[in-house]
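Student: I am new to this structure and would like to understand how it is put together. May we go through it by question and answer?

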Amino acid sequence: MTEIQLPASGAYVLTGARVHASLTPGLRADFDSDGFAAADIGVAAGKIAAIAPTRHRAPEPGTLDLNGRIVLPAFVDCHTHLDKGHIWARSPNPDGSFPGALSAVGTDRAARWNADDVARRMEFSLRCAYAHGTRAIRTHLDSSPPQDAISWPVFETMRERWKGRIELQASCLFGIDAIRDEAWFDTMVKRVAAAGGVLGAVTYMVPDLDELLDRIFRAAIEHGLDLDFHADETDDVSAVSLRKIAEASLWSGFEGKVLVGHCCSLARQPDREVADTLAKVAKAGLSVVSLPMCNLYLQDRRPDLTTPRWRGVTLLHEMKAHGIPVAVASDNTRDPFYAYGDLDMLEVYRMATRILHFDHPVGDWPKAVAETPGDIMRLQSPGTLGAGAAADFVVFRGRSWTELLSRPESDRLVVRGGKAIDTRLPDYSELDELMA
């Protein structure tokens with residue numbers, strides 16, 4: 001967006017910005033039917049000094065006219081897999097299926113995931129996310145031995161390197177059945193706690209699921225950890241681990257934050273079971289993140305090459321109606337679980353709008369890529385535009401939802417700490433050596 005040149009230093013005002021009601025809670029303005037209003041955003045010392053309805057007046061020094069361009073807070077991506085990213089060129093999914101993804105990743109991990117390989121792919125992914133306007137990311141780390149001893153130190157180094165640009169969190173990832181090995185699980189919990197991480201697992205409908213969930217909740221309570229689960233990433237109506245997680249949270253008296261991802265099977269279950277599950281999830285205070293692009297890619301992929309019959313996503317509208325905090329996120333990026341993607345949260349929101357119908361009305365769905373995941377991750381910055389908040393935001397060319405979500409917005413202006421950043425994306429050729 002070359003015609004908008006922010007000053008290298010000093011205060012300035014962006015006038016004529018289009019801001020959304022759901023992301024500007026302190027603004028009193030005449031919002032239109034899509035939730036937008038014209039506002040002036042004052043920036044000083046790296047923070048938003050003031051935000052107020054636009055007053056049409058003669059230009060003043062230090063004022064830049066956005067002419068109605070949309071401004072959104074910097075994004076928060078609360079469910080990613082930075083350790084898996086960008087391995088597609090060397091380990092593609094042979095048939096696009098979930099088992100195909102598991103097999104391809106498992107083989108690649110065993111053969112290639114040394115510290116240098118993981119670090120270089122993580123760095124590439126973070127450069128992409130930063131250029132697109134993301135300020136915080138939670139990544140899952142495959143943590144079955146021996147990978148735990150490799151990826152966690154890499155992550156801690158990467159977190160320090162990216163401090164001040166992207167706030168990084170990590171959640172361990174392993175099958176829930178691994179908790180049966182109590183000695184290993186105790187070591188894993190301590191590793192996560194020492195790294196300031198989040199305790200997580202993939203839940204399956206194993207016979208002892210209730211007992212295993214009890215163990216992981218007790219461990220989280222003992223060590224003061226939040227929890228993050230992959231659950232029910234299937235169309236099997238008998239997969240009800242979301243309900244089991246809610247029940248475990250209630251009986252344990254857990255007071256931390258619990259995020260559950262995917263929950264695809266819920267959309268296939270009878271209405272009575274759905275109502276029971278959502279009531280328990282709401283009572284337990286769980287949050288849910290849907291991964292619309294990855295779930296659309298993997299779910300209902302048919303071996304006979306017939307057309308998929310459903311979208312693969314969970315019931316976010318129904319959850320939201322129950323008061324359950326909901327978010328959307330990137331999930332996998334150019335790996336066997338999802339062949340595409342670039343950690344661009346605008347793309348995620350665009351696809352979520354189309355797949356999940358985040359429109360007519362838009363309501364407060366924009367919070368699903370900013371404030372809500374920020375709260376889930378316990379970020380200090382609120383993920384909204386308001387006086388006193390960090391001047392971390394993105395300026396787009398689009399002036400309405402239909403303009404914003406119809407183009408890639410590849411020339412967006414990303415502002416961090418009040419200053420425009422370099423939004424050039426890394427070239428894929430930088431990874432060629434790793435793909436050989």
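This is a predicted model: local features need pLDDT of at least 70, side-chain atom pairs count only at pLDDT 80 or more; totals for chains, interfaces and linings use all residues.

Student: Which element gives the most to the lining of the largest pocket?

Tutor: The largest pocket has a volume of about 590 Å³. Of the 32 residues that line it, the closest to its centre are Phe 98, Leu 102, Val 202, Tyr 204 and Phe 337. At least two lining residues each come from α1 (98–112), β9 (199–203), β10 (227–231) and α8 (292–298). The element that gives the most, with five residues, is α1.

Student: How many charged residues are in the lining of the second largest pocket?

Tutor: The second largest pocket holds about 350 Å³ of space. Its lining consists of 17 residues, and those closest to its centre are Arg 135, Gly 164, Ile 166, Glu 167 and Arg 416. Helix α3 (147–161) and strand β8 (167–173) each supply at least two residues of this lining. By class, the lining has four nonpolar residues and four polar ones, while the charged residues number nine.

Student: With which residue does Arg 416 form a salt bridge?

Tutor: Arg 416 is among the residues closest to the centre of the second largest pocket. In its salt bridge the closest N and O atoms are 3.4 Å apart. Arg 416 lies in strand β15 (residues 413–416) and its partner in the loop between α11 (371–376) and β14 (393–395), so the pair ties together parts that are 24 residues apart in sequence. Both residues are buried, and the partner is Asp 392.

Student: Why does the salt bridge between Glu 123 and Arg 161 tie together parts that are apart in sequence, and by how many residues?

Tutor: The side chains of Glu 123 and Arg 161 meet with an N to O distance of 3.4 Å. Glu 123 lies in helix α2 (residues 115–132) and Arg 161 in helix α3, so the parts that the pair ties together are apart in sequence by 38 residues.

Student: Is Glu 123 buried or exposed?

Tutor: The cut-off for buried is under 20% relative accessible area. Arg 161, at 45% relative accessibility, counts as partly exposed. Glu 123 has a relative accessibility of 19%, and therefore it counts as buried.

Student: Are Glu 160 and Lys 163 buried or exposed?

Tutor: Glu 160 and Lys 163 form a salt bridge, with their closest N and O atoms 3.2 Å apart. Both of these residues are exposed.

Notes. Residues are numbered from 1 along each chain as its sequence is written. Side-chain values use heavy atoms; hydrogens and water are left out. On a 1 Å grid over the protein atoms alone, a cavity is a set of points where a 1.4 Å probe fits but cannot get out, and a pocket is an open set with protein on both sides within 12 Å along at least five of seven lines; lining residues have an atom within 4 Å of a point. Grid points are joined across faces, edges and corners, and a volume is the space filled by probe spheres set on the points. Helices (H or I, at least four residues) and strands (E, at least two) are DSSP runs, numbered from the N terminus. Ala, Val, Leu, Ile, Met, Phe, Trp, Tyr, Cys and Pro count as nonpolar, Asp, Glu, Lys and Arg as charged, and the others, Gly among them, as polar. A salt bridge is a side-chain nitrogen of Lys or Arg within 4 Å of a carboxyl oxygen of Asp or Glu. Buried means under 20% relative accessible area, exposed over 50%, partly exposed in between (1.4 Å probe, protein chains only).
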